[in-house]
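Q: Here is a model I would like to learn to read, feature by feature. Can we start with the backbone and then move on to packing and metal sites?

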Amino acid sequence: MFNPDLHCHSNISDGTLAPAVVVARAARRGVSTLALTDHDDTGGLAEAATAAAVRGVQLINGVEISVSWREQTIHVVGLGIDPGHLQFQAGLAATRAGREERAQRMAAVFDSLGIEGTLAGAQRFAGNPRMIGRTHFARHLVESGRVNSIKDAFRRWLGAGRPCQVEQRWAALGDAVAWIKGAGGLAVVAHPGRYGLAPAQLRALLGEFRDHGGAAIEVVTGSHQPQEFAMFAKYAAEFGLAASAGSDFHAPDESRDLGGLPKLPAGCDPVWRQLGLH
Ligand code: AMP
Ligand code: MN
Ligand code: MN
Ligand code: MN
């Protein structure tokens, strides 16, 4: 049975499982078609492809690019990209470049709050040192007993507007879409319900995204409440965008698990049609 999950992470970014383990878990959970979409890095795709061939899973080469749009961080998923495309890889490398220095700035803020050792702590959780990020700090804060959950770590320190979320300039929206399209992929706005945008802002984002050549938005995602599925299905229709579905799985017991996603609402144009999948 066709059962797609087009958004998930391995330890190449801020997931906890190796790419092959993510694929095996997806297969076990009945996913027929999986896109591995690590943040700003495609280093897990080769290992995932080998595992997918063994497990009989259809693997879609994916990525999730960090974008700065009007003082907001937005995530744009790329589906069906060619990871060997040079300009695309140069774009990802530029997007990743500031992460280690950013981690030092975050640790300095923690130090100033009297919470020491967070850089070394976060580094222990980063499977890929060049992709160190807020989730690795959050896991360290949980492990060291400072908070009870990853969510609490974001609520207190790491989330938008909290003291340890230091400023960072990510890729421009038009660049991210152009890199994905240049590499033969489809650009998808990830979890549009998570940015806290007012309707006018959201419409501005989706209009710009479509004008840059974006293809779809995530309608069904682990980051949306069930009532948001219908809401974003309407936004997709309003902007002539296709609809995607993905768990945004990061780790067992931490976020929504792989597969088991509700169906897209009736009337959606599924993004997998443009990917030639069924
Ligand atoms: P970064 O790219 O380093 O800014 O980290 C962003 C990642 O942090 C996202 O991809 C999520 O995995 C995680 N994240 C962001 N906000 C939250 C939150 N409120 N609760 C849990 N995880 C979050
Ligand atoms: Mn993440
Ligand atoms: Mn995201
Ligand atoms: Mn994600």
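Q: Where does aspartate 253 lie?
A: Aspartate 253 is found in the loop between β7 (242–246) and α11 (271–274). The model is a predicted one.

Q: What is there to note about its backbone, and what is the general idea?
A: Most residues other than glycine have a negative phi. Aspartate 253 has a positive phi of about 70°, although it is not a glycine.

Q: Is aspartate 253 buried or exposed?
A: The cut-off for exposed is over 50% relative accessible area. Aspartate 253 has 83% relative accessibility and so counts as exposed.

Q: Which value of phi does arginine 70 have?
A: Arginine 70 is not a glycine, yet its phi is positive, at about 50°. This residue sits in the loop between β3 (58–69) and β4. With a relative accessible area of 44%, arginine 70 is partly exposed.

Q: How are two packed helices described?
A: They are described by the angle between their axes and the distance between the axes. Here, helix α5 (residues 118–125) packs with helix α6 (residues 134–143) at an angle of about 105°, and their axes are 8 Å apart. Angles of 65 to 115 degrees count as roughly perpendicular, and α5 and α6 are therefore roughly perpendicular to each other.

Q: Which residues make the contact?
A: From α5 come Thr118, Leu119, Gly121, Ala122, Arg124 and Phe125, and from α6 come His136, Phe137, Arg139, His140, Leu141 and Glu143. By class, the residues of the contact of α5 with α6 are five nonpolar, four polar and three charged.

Q: How should I read a metal site, starting with the manganese ion (ligand 3)?
A: Begin with the donor atoms and their distances. The manganese ion (ligand 3) is coordinated by Glu64 (OE), His75 (ND1) and His191 (NE2), at 2.1 to 2.2 Å. Water is not among the atoms, so sites may look incomplete.

Q: How are the donor residues of the manganese ion (ligand 3) spaced in sequence?
A: The spacing is E-x10-H-x115-H. Histidine 75 lies in strand β4 (residues 72–79), and histidine 191 in the loop between β5 (186–189) and α9 (199–211), so the pair ties together parts that are 116 residues apart in sequence.

Q: Are histidine 75 and histidine 191 buried or exposed?
A: Buried means under 20% relative accessible area. Histidine 75, at 12% relative accessibility, counts as buried, and histidine 191, at 1%, counts as buried too.

Q: What are the protein donors of the manganese ion (ligand 4)?
A: The donors are His7 (NE2), His9 (NE2), Glu64 (OE) and Asp248 (OD), at 2.1 to 2.2 Å from the ion. Their spacing in sequence is H-x1-H-x54-E-x183-D. Histidine 7 and histidine 9 are both buried.

Q: How do I read the surroundings of a single side chain, say serine 10?
A: Look at its place, its accessibility and its contacts. Serine 10 is in the loop between β1 (4–5) and α1 (19–28), and at 0% relative accessibility it counts as buried. Not counting residues up to four places away in sequence, serine 10 touches Gly15, Leu17, Ala18, Pro19, Val22, Leu36 and Asp38.

Q: Which residues does phenylalanine 229 touch?
A: Leaving aside residues up to four places away in sequence, phenylalanine 229 touches Val219, Val220, Thr221, His224, Pro262 and Pro265. Phenylalanine 229 is placed in helix α10 (residues 226–239) and is buried, with a relative accessible area of 13%. Its C-alpha atom is separated by 5.3 Å from that of valine 219, 10 residues apart along the chain.

Q: How many helices and strands does the chain have?
A: The chain has 11 helices and seven strands. Its radius of gyration is 18 Å, close to the 19 Å that the globule rule gives for 278 residues, so the chain is as compact as a globular protein of that length. The C-alpha trace spans about 50 × 45 × 40 Å along its principal axes.

Q: What share of the residues is buried?
A: Buried residues make up 54% of the 278 residues. Of the contacts with a separation of 6 or more, 72% are between residues 24 or more positions apart.

Note on methods:
Residues are numbered from 1 along each chain as its sequence is written. Chains are lettered from A and ligands numbered from 1 in the order in which they are written. This is a predicted model: local features need pLDDT of at least 70, side-chain atom pairs count only at pLDDT 80 or more; totals for chains, interfaces and linings use all residues. Side-chain values use heavy atoms; hydrogens and water are left out. Donors are N, O and S atoms within 2.8 Å of the metal (3.2 Å for Na, K and Ca); water is not among the atoms, so sites may look incomplete. Helices (H or I, at least four residues) and strands (E, at least two) are DSSP runs, numbered from the N terminus. Buried means under 20% relative accessible area, exposed over 50%, partly exposed in between (1.4 Å probe, protein chains only). Axes are lines fitted to C-alpha atoms, for helices over the stretch in contact, and angles run from 0 to 180 degrees between N-to-C directions. Angles under 35 degrees count as roughly parallel, over 145 as roughly antiparallel, 65 to 115 as roughly perpendicular and the rest as oblique. Contact means heavy atoms within 4.5 Å. Ala, Val, Leu, Ile, Met, Phe, Trp, Tyr, Cys and Pro count as nonpolar, Asp, Glu, Lys and Arg as charged, and the others, Gly among them, as polar. The radius of gyration is taken over C-alpha atoms; the globule rule is 2.2 Å times the number of residues to the power 0.38.
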